[in-house]
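Below is a short note for a colleague who will look at the model alongside the text.

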Amino acid sequence: MINRTAILNEPREISDFKEICKLQEKYQRDLIQTNSNYQFIWIGEHMLSYTIGRGSNLDNLLDVCPENVYLINRGGEVTCHMPGQLVVYLILDLVNYKKDLNWYLRKLEFIIINTLTEFNIKCSRKTGFTGVWCENKKIASIGIGCKRWVTLHGFSINVDCNLENFTQIIPCGIKECEMTKIRDFKKDVTIKEVKNIVKKMIQKEFNLKFVSQ
Amino acid sequence: MTEGKIVEWLKNPGDKVERGESVLVVESDKADMDVESFQDGYLAAVLMPAGSTAPVGETIGLIVESQEEIAGIQEKHNTKTISQEEKVHNDGLQNHASSEKTNNENVKNISKTPNVSKVEKQKATVQVKTEINAALANNSSRVIASPKAKKIASQMGVDLSKLQGSGPNGRIQADDVLSAKGQPTAIPWIGEGNSSVGLNNIQPINKQISSDIGNSFGSPGETVKFNTLQKAVNSNMESSLNVPCFRVGYSIQTDKLDAFYKTVKQNGVTMTALLVKAVAKTLKNHPQVNSCFTTDGISYPETVNIAVAVAMEDGGLITPVLKNPCQTDLFELSREWKDLVKRSRLKQLEPDEYSTGTFTLSNLGMFGVDRFDAILPPGTGAILAIAASKPTVVGNENGSISVKKVMQVNLTADHRVIYGADGASFLKDLASLIENSPESLIA
C-alpha cells in the first residue's frame, strides 16, 4: 500500500554536513531493507562545506581548502552549502509515487518555483540545466542520489547567504554561472519564513503526513 | 533520458555479485542512480569504463552465472580487466565495445544502461551458458519474436530459437515463452483494451478460458476476509441500492471503428482510449448525462472525466480516471491510460486519479460477453456497460440482410437526474459517431 508518512526533522541549530549525511543514509537503508516505513524530510542549514558528486570533475573545485570538501553519492558537479542557505533532504520511496527520476527532479523544481512565487520572486526552469533560475542567475540547486528507488539528498535555496563562497568553485560545472539569493529580491524575507513555505509545498506535492520521531 | 554517464563501477571484472547488489552508478542530469544486479552471478566483463557515456539500451557489461564462465567471456571480449591505462584510451575502448556488441547481438543477457523513466530497461540478466553457446554459434536463421516475447525470454532464460511461435507466420509471442517455461499465460483482464472490440481473436481467447480456472480468492470451505478495496467496493455497491436507476441499451455497428482501430493501433492507440474519446465527445453535447444528483439539485461538473473500471487481481476493482479526454489527442490519451493501468495494478494511484470520474465505462468485451448491465458508482449519474462486438446478421432498411459487427452497449442511469429520453439520445449520438466518423476521434 502507498506510504505517505515521513519523519520531519528541522533542527534549529546549524548542522554538521557529515552527520546529516549519515542520518540520511540510515533512513535510506532502513527503507530499502524495510526495517522502517518512514520516509524522511530534513530541512536545515550547514556550516560552510563544499560537496562533490561521484561523477564530478575535480577541476571545478578551483582552490578550495580540501578539509571542507565532501565526496557524496549524488549527481551533478560541485556545490557549496553555508549558513543562510536552506538545505532540504528528501528520503522518499519513489515506489510510492512514480519510478521516474526525471519526474522527481521536475517535481523538486516545481516545489522551489512555487515557494519563490509565494514571495513574488519571478523564477523559472532552464532546459538542460536542472535547478531554478532567476533570469540568468541560479537561486536554487538540485542534486539527488537514488538506490532501489529510494532517494537521497535534495535541493538548496539561497536565502540570505554569503555568495562569495561560490566564487571559490565553478558551481555545478557551469562556467560563468552566477548565483543569486532571495535577499537580492526581497530584503525582509527570513530563512524561517522560507522554511515554513517549503515545508507546506513538500507536504502538498508529495501528499505527505509528517510525523515526529 | 537517452543516455547515461557511467560514474563508477562498484564491482571489478571477476567479482561475485549478488541479486540486489549495486554493480555500478549511472548519472543522468543531476541524479545518481545505483544500478543493481537482478541475478546472482559474476561480473565477467566491463564493456564501458567509468567516465564513458552510453546510450540507453547499450551493452555495458556482462554478468555470468558461474565462475568458470568468466574466462571464456573475457577471452571472447578481449577485455580482460579494465586497468587504469586502458581507461585513458577511452575512445578506442568504446569502439572496441561497440564492435563487440555487433558480434554478439544475439546475446541477451546483458546489463544495460538504465533508462530512468523505464525501470524495466535496466535489468541486468544473467547469461546462461547454453544461451551463450547458442549465440556464439551464430545461428543464421533469424528468430522472429515480438518485443515482449524477447524481453520475457531474456528475463527467464528461454532460448527463442527452440520455440515454436503461435503468432502470424510463426512469430513467437509472449505467451509462447511463458508456456515454454510452464508459466500460466495471461488472460486479458478488464480494461486494458489491447484487444479489438471486434474479437477477431475469439478462438484463442476461448481456448485460454476453457483451459484456465476462474479467479478465486480462497479455497473451498474457507471464508476469506474482504480486503480494503473490496470493502470500499461493497459500500459503493450497497449505496447504489438507494439510487433509482433505469437501463437503456443500443446496438452499435463497429466495422468502421475496427477498421480505424487497425490503422492507429500500431501507434500505440488502445481500444479503451478510442471508446473513452467517443463517449467523452458525445457527453459534451449531452451535459445532462454527465450530471449527478446532489441534495441541493442537479450538479453539472465543470469537465467530462471518464472513469474506466479495472479489476484488481487480488480482488476489488478500481476506476482510474482519464481527465478531460476531449482536450487530449488519442495518442496521448492512450499513453495516459497505459500509465494509469500500470500504476493502478501497483496501487500507486493518487486519490484524484481514481475518484474524480463524472461518467464511468465498464468494458467486458474482451471476454466475448454479448451484454451485461453495470451498477452505478456513487457520485455519478451514469455508467456505460460495453460488450463484445460480434458478427451479426442485420436486416437492412431496404429489406436485404447482411453480416455486420455489432456491439451492444447498456447505459445505467440515475433517473432523478437523467431521464430515458436523455439516455436514449446520448446513445443514438454515440452510435452515430462510432458508426459514421470514427476518424474524428483522433483529436
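1. Conventions. This is a predicted model, in which local features need pLDDT of at least 70 and side-chain atom pairs count only at pLDDT 80 or more, while totals for chains, interfaces and linings use all residues. Residues are numbered from 1 along each chain as its sequence is written, and chains are lettered from A and ligands numbered from 1 in the order in which they are written.

2. Confidence. The model has an ipTM of 0.75 and a pTM of 0.49. A contact here means that the C-beta atoms of two residues, placed from the backbone, lie within 7 Å. The pLDDT is also below 50 over residues 186-211 of chain B, a stretch with 49 contacts beyond near neighbours in sequence.

3. Contact between the chains. Chain A contributes 23 residues and chain B 19 residues. On the chain B side, strands S1 (3-9), S3 (22-28) and S4 (31-36) each supply at least two residues; helices (H or I, at least four residues) and strands (E, at least two) are DSSP runs, numbered from the N terminus. S4(B) gives the most to this side, with four residues. By class, the chain B side has seven nonpolar, three polar and nine charged residues. The nonpolar class is Ala, Val, Leu, Ile, Met, Phe, Trp, Tyr, Cys and Pro, the charged class is Asp, Glu, Lys and Arg, and the others, Gly among them, count as polar.

4. Strand S9 (residues 137-147) of chain A runs parallel to S4(B), joined by three bridges; two strands pair if DSSP finds at least two bridges between them. Ile144(A) has Ala31(B) as its bridge partner in S4(B).

5. Helix pair in chain A. Helix H2 (residues 101-118) and helix H3 (residues 191-205) of chain A pack at about 135°, with axes 9 Å apart. Therefore H2(A) is oblique to H3(A). Axes are lines fitted to C-alpha atoms, for helices over the stretch in contact, and angles run from 0 to 180 degrees between N-to-C directions. Angles under 35 degrees count as roughly parallel, over 145 as roughly antiparallel, 65 to 115 as roughly perpendicular and the rest as oblique. The residues in contact include Phe110(A) and Ile111(A) of H2(A), and Val198(A) and Met201(A) of H3(A). This contact divides into seven nonpolar, two polar and three charged residues.

6. Three strands form an open sheet in the order S4-S3-S5 (chain A), with mixed pairing. S4 (69-71) and S5 (79-81) of chain A stand at the edges with a single partner strand each, so one side of each has no neighbour in the sheet. The average twist from one strand to the next is 30°. Strand S3 (residues 49-52) of chain A pairs with S5(A) in the antiparallel sense over three bridges, and Thr51(A) has Thr79(A) as its bridge partner there.

7. Strands S16 to S18 of chain B. Four bridges link S16 (residues 359-363) and S17 (residues 382-395) of chain B in parallel, with Leu384(B) the partner of Leu361(B). S17(B) pairs antiparallel with S18 (residues 401-414) of chain B over twelve bridges. Their hairpin has five residues between the strands, and Gly399(B) takes a positive phi near 95°.

Terms used. pLDDT = per-residue confidence, 0-100.
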